[in-house]
Amino acid sequence: MKVVAFVRTEQGSGASRRLRNAGMTPGIIYGGSEAPVAISLDHNALYHALKKETFHSSILDMEIDGKVQQVLLRDFQVHAYKQLVMHADFQRVSSSEKIHVKVPLHFINAETSPAVKLSAGIISHVLTELDVSCLPKDLPEFIEIDLGNMEVGASLHLSNVTLPAGVTAIVHGDDPTIATASIPAGKVEAAGEAAAGEGEEKK
């Protein structure tokens with residue numbers, strides 16, 4: 001994705017307020033061998049870009065004064081109650097250095113899994129994104145999680161997932177759970193009551 005930014009010469013809260021009043025969002029780009037650069041971006045374009053999942057987990061081509069460099073969105077602040085992006089931080093990336101990024105998980109085939117199709121169960125997504133480390137060229141927009149074999153009572157762990165080539169998960173603690181399959185409490189109770197009713201009838 002391409003992002004157009006402009007060098008910001010004036011700094012401070014007053015200058016930032018004037019920028020926002022003019023429909024721009026202040027930001028900064030940092031990292032690499034170059035010094036940090038204060039920038040401004042078109043607010044409406046940034047606001048709509050932030051709604052796209054790929055904007056948060058993809059290498060972005062940022063154009064500043066005709067020069068394009070690759071960056072990652074690292075942070076952004078929004079107003080407490082207005083639809084207003086207050087500030088955005090971007091980090092330069094190098095093609096030869098690994099990056100640490102949160103990548104969204106996309107779940108597929110839940111509806112055809114034994115848990116859902118045969119047992120009317122539900123599959124809960126314990127994780128919705130995964131911390132990974134990789135070179136920029138290997139960064140996936142998302143990681144696909146196949147739930148097609150999930151059965152009631154089963155859990156899917158990170159160790160059960162095949163990551164894309166060149167991508168390593170950054171794990172904090174033991175093998176994390178990604179998804180679980182279970183029968184809703186209401187259905188379990190209903191099944192128990194039905195079984196109890198049948199037992200009474202047999203007596």
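1. The side chains of Lys102 and Asp131 meet in a salt bridge of 3.0 Å, N to O; the term denotes a side-chain nitrogen of Lys or Arg within 4 Å of a carboxyl oxygen of Asp or Glu. This pair links distant parts of the chain, with Lys102 in strand E7 and Asp131 in strand E9, 29 residues apart. Helices (H or I, at least four residues) and strands (E, at least two) are DSSP runs numbered from the N terminus. Lys102 counts as partly exposed because its relative accessibility is 44%, whereas Asp131 is buried at 13%. Buried means under 20% relative accessible area, exposed over 50%, and partly exposed in between (1.4 Å probe, protein chains only).

2. The model is predicted: local features need pLDDT of at least 70 and side-chain atom pairs count only at pLDDT 80 or more, while totals for chains, interfaces and linings use all residues. Residues are numbered from 1 along each chain as its sequence is written, and side-chain values use heavy atoms, with hydrogens and water left out.

3. Four salt bridges are found in the whole structure. One of them joins the side chains of Lys2 and Glu63 at 2.7 Å, N to O. Lys2 lies in strand E1 (residues 2–7) and Glu63 in strand E4 (residues 60–64), so the pair ties together parts that are 61 residues apart in sequence. Lys2 counts as exposed, at 57% relative accessibility, and Glu63 as partly exposed, at 22%.

4. Six strands form a closed barrel in the order E1-E3-E2-E6-E5-E4, with mixed pairing; two strands pair if DSSP finds at least two bridges between them. Neighbouring strands of this sheet are turned by 45 degrees against each other on average, direction ignored. Helix H1 (residues 13–21) packs on the sheet, touching E2, E3 (37–42) and E6, and its direction makes about 125 degrees with that of E2. Axes are lines fitted to C-alpha atoms, for helices over the stretch in contact, and angles run from 0 to 180 degrees between N-to-C directions. Contact means heavy atoms within 4.5 Å.

5. The largest nonpolar core has 25 residues, of which Ile99, Leu139 and Ile145 touch the most other members. Such a core is a set of buried Ala, Val, Leu, Ile, Met, Phe, Trp, Tyr and Cys residues joined through side-chain atoms within 4.5 Å. Strands E7 (99–108), E9 (129–134), E10 (143–146) and E13 (177–182) each give two or more residues to this core. The largest share, four residues, comes from E7.
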